[in-house]
Amino acid sequence: MKRQLDELLDANLQKINHISENKHFIGFSKKLGEKVFVKIFKDPLKYELEYKVLGDKTNLLLTFPEYFVLVLKYEDFIQLNKESVDDEDIIKIAKLISDFHKGNWLEIENEKETSLEKVLEKNVYRLADRKEYTKICELYSKFLRNISKLDEEYRKTLVFIHGDFGLRNIMRKDDNLVLIDFERVKYASYYLDFIKYFYQDLDNDKRKIELFLEHYYEYSNEEVLSKELEYCLIFISALGILNYTKRVEDKEFEELGLKMLSDVENYFEQI
């Protein structure tokens, strides 16, 4: 694949290594006369989603749909990290994702997650081969006790979400923050975008989370979630991580999913 792309772009692409199901390369394309970022997708649906989001942006240079490849203009971004992010950045990040959620402009053909009950069912049963499955089913049954009320509240929170929101997909460009990596966009609860961000990037720091949510709700005008729905969405996020780490080995990420599962257990023990 690399040899074919090198020939098509008249380049000598260099692979970027990081944990992902996709492959990423950078290099100077003599054909295009500029440095490029090349993303090769394993999943054609994710290719389509990224293409639809980027289609109107200037950084999309070429597509090779037969290979599920996007060629993007290389941007000299600075990646955010936990150590450098301050309160002002947290407020900017809240506005950044609020603006994305408020767009609601993207038409996608993948399944819309409009039924909380169906989302739960799908995520639970695909983990039947995990050792935590008994615990997962016990927690699942507890959410089902109040599923009608939760489902009603959940439907009010539906927007187009980023799907992989967090500092690794937020870049600094001059004085602006920019979202990247749109292959997991979907129609789902806005709060699902926040859970990994809170756990991974804000270290579940209550003050930082409250600062973020204060400004997110101010910019977005979304309603504040009930605690039960919040923990139901944490449960769904945990299941998603545990399913992902069946396919891609990432022990640290798997531990994060197990920590979320433990927090959901603690929630039910305290009520």
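**Overall dimensions and local features of the predicted chain**

For the 271 residues of the chain, a compact globule would have a radius of gyration near 18 Å, and the value of 20 Å found here agrees with this expectation; the radius is taken over C-alpha atoms, and the globule rule is 2.2 Å times the number of residues to the power 0.38. The structure is a predicted model, in which local features need pLDDT of at least 70 and side-chain atom pairs count only at pLDDT 80 or more, whereas totals for chains, interfaces and linings use all residues. Residues are numbered from 1 along each chain as its sequence is written, and side-chain values use heavy atoms, with hydrogens and water left out.

Along its principal axes, the C-alpha trace spans about 65 × 40 × 35 Å. The chain contains ten helices and ten strands, defined as DSSP runs (H or I, at least four residues, for helices; E, at least two, for strands) and numbered from the N terminus. Buried residues account for 49% of the 271 residues; buried denotes under 20% relative accessible area, exposed over 50%, and partly exposed the range in between (1.4 Å probe, protein chains only). Of the contacts (heavy atoms within 4.5 Å) between residues at least 6 apart in sequence, 67% join residues at least 24 apart. The mean positions of the 43 positive and 54 negative charges lie 3 Å apart. In this count Lys and Arg are positive and Asp and Glu negative, while His and the chain ends are not counted; each charge is placed at NZ of Lys, CZ of Arg, CG of Asp or CD of Glu.

Helix H1 (residues 2-9) has Leu5, Asp6 and Leu9 as buried residues. Viewed down the axis of H1, these residues fall within an arc of 105° and therefore line one face of the helix, the arc being that of the directions from the helix axis to the C-beta atoms. The face turned away from this buried side carries the exposed residues Arg3 and Glu7. Cover for the buried residues of H1 includes strands E2 (23-29), E3 (34-40), E4 (60-64) and E5 (69-73). Aspartate 10 follows H1 and has a positive phi, near 50°.

In helix H4 (residues 116-125), the buried residues are Leu116, Val119, Leu120, Asn123 and Val124. They fall within an arc of 120° when seen down the axis of H4, so they line one face of the helix. An α-helix has 3.6 residues a turn, so residues three or four places apart point the same way. The cover of the buried residues of H4 includes helix H5 (133-144), helix H6 (147-155) and H9.

Asparagine 243 is situated in helix H9 and is buried, at 11% relative accessible area. When residues up to four places away in sequence are not counted, asparagine 243 touches Arg126 and Leu127. Its C-alpha atom lies 9.1 Å from that of glutamate 254, eleven residues apart in sequence.

Positive phi values also occur in two loops. Aspartate 181, a residue other than glycine, has a phi near 65° and is located between strands E9 (176-179) and E10 (186-189); its relative accessibility of 16% classes it as buried. Asparagine 221, likewise not a glycine, has a positive phi of about 65° and occupies the loop between helix H8 (206-220) and helix H9 (227-247). With 66% relative accessibility, asparagine 221 counts as exposed.
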